[in-house]
Amino acid sequence: QVQLVESGGGLVQAGGSLRLSCVASGRTLSRNAMAWFRQDPGKEREFVAAISWSGSSTTYADSVKGRFTISRDNAKNTVYLQMNSLKPEDTAVYYCAVRRYLGYSSSDVSTESFYNYWGQGTQVTVSS
């Protein structure tokens with residue numbers, strides 16, 4: 001059984017930065033795509049960023065391009081999301097996701113169904 005635990009969320013002022021972490025346990029996932037999604041209450045969960053197992057391929061939502069950076073440390077089974085220049089509209093619960101199967105498809109990585117394991121989420125609140 002795979003478990004994902006997110007951390008690093010909190011309250012920050014607009015323009016500030018946060019770094020989210022997600023640690024995977026239960027099996028080695030160093031060759032699996034990982035991603036971040038977010039959900040604001042009353043809204044659909046939306047894609048934020050994804051990364052291939054090697055880190056050579058990354059995909060971002062247009063809303064975060066140039067501000068957020070996804071990275072991973074396979075030795076630690078951990079994926080990170082560095083968030084800079086935060087805006088109030090970035091306020092949401094951020095979820096980590098991992099694909100059970102190998103492969104990275106740029107056209108599919110932004111869909112929830114591409115992933116098999118999900119964390120419980122960490123709250124990010126950006127005040128204006």
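## A buried arginine without a salt bridge

Arginine 99 is buried yet has no salt bridge, and aspartate 108, the nearest side chain of opposite charge, is 7.0 Å away. Here, buried means under 20% relative accessible area, with exposed over 50% and partly exposed in between (1.4 Å probe, protein chains only). A salt bridge needs a side-chain nitrogen of Lys or Arg within 4 Å of a carboxyl oxygen of Asp or Glu. For charge, Lys and Arg count as positive and Asp and Glu as negative, while His and the chain ends are not counted.

This is a predicted model, where local features need pLDDT of at least 70, side-chain atom pairs count only at pLDDT 80 or more, and totals for chains, interfaces and linings use all residues. Residues are numbered from 1 along each chain as its sequence is written, and side-chain values use heavy atoms, leaving out hydrogens and water.

## What surrounds arginine 99

Arginine 99 lies in the loop between strand 9 and strand 10; strands (E, at least two residues) are DSSP runs numbered from the N terminus. A polar atom of its side chain lies 3.4 Å from the backbone oxygen of tyrosine 101. Not counting residues up to four places away in sequence, arginine 99 touches Asn32, Ala33, Phe114, Tyr115 and Asn116 (contact means heavy atoms within 4.5 Å).

The structure holds five aromatic pairs. Rings of Phe, Tyr and Trp (its six-membered ring) pair if their centres lie within 6.5 Å; planes under 30 degrees apart are stacked, over 60 edge-to-face and the rest tilted.

One of the pairs is phenylalanine 37 with phenylalanine 47: edge-to-face, 5.6 Å centre to centre and 75° between the planes. Phenylalanine 37 lies in strand 4 (residues 34-39) and phenylalanine 47 in strand 5 (residues 46-51), so the pair links parts 10 residues apart in sequence. Both phenylalanine 37 and phenylalanine 47 are buried. Phenylalanine 37 also pairs with tyrosine 115; their centres are 5.6 Å apart and their planes at 80°, so this pair is edge-to-face. Tyrosine 115 is buried, at a relative accessible area of 4%.

## Arginine 67, for contrast

Arginine 67 is found in the loop between strand 6 (58-60) and strand 7 (68-73), and at 11% relative accessibility counts as buried. Its side chain makes a polar contact of 2.7 Å with that of aspartate 90. A polar contact is a pair of N or O atoms within 3.5 Å; within protein, one must be able to donate a hydrogen and the other to accept it, and residues adjacent in sequence count only if both atoms are side-chain atoms.

How values were computed: Helices (H or I, at least four residues) and strands (E, at least two) are DSSP runs, numbered from the N terminus.
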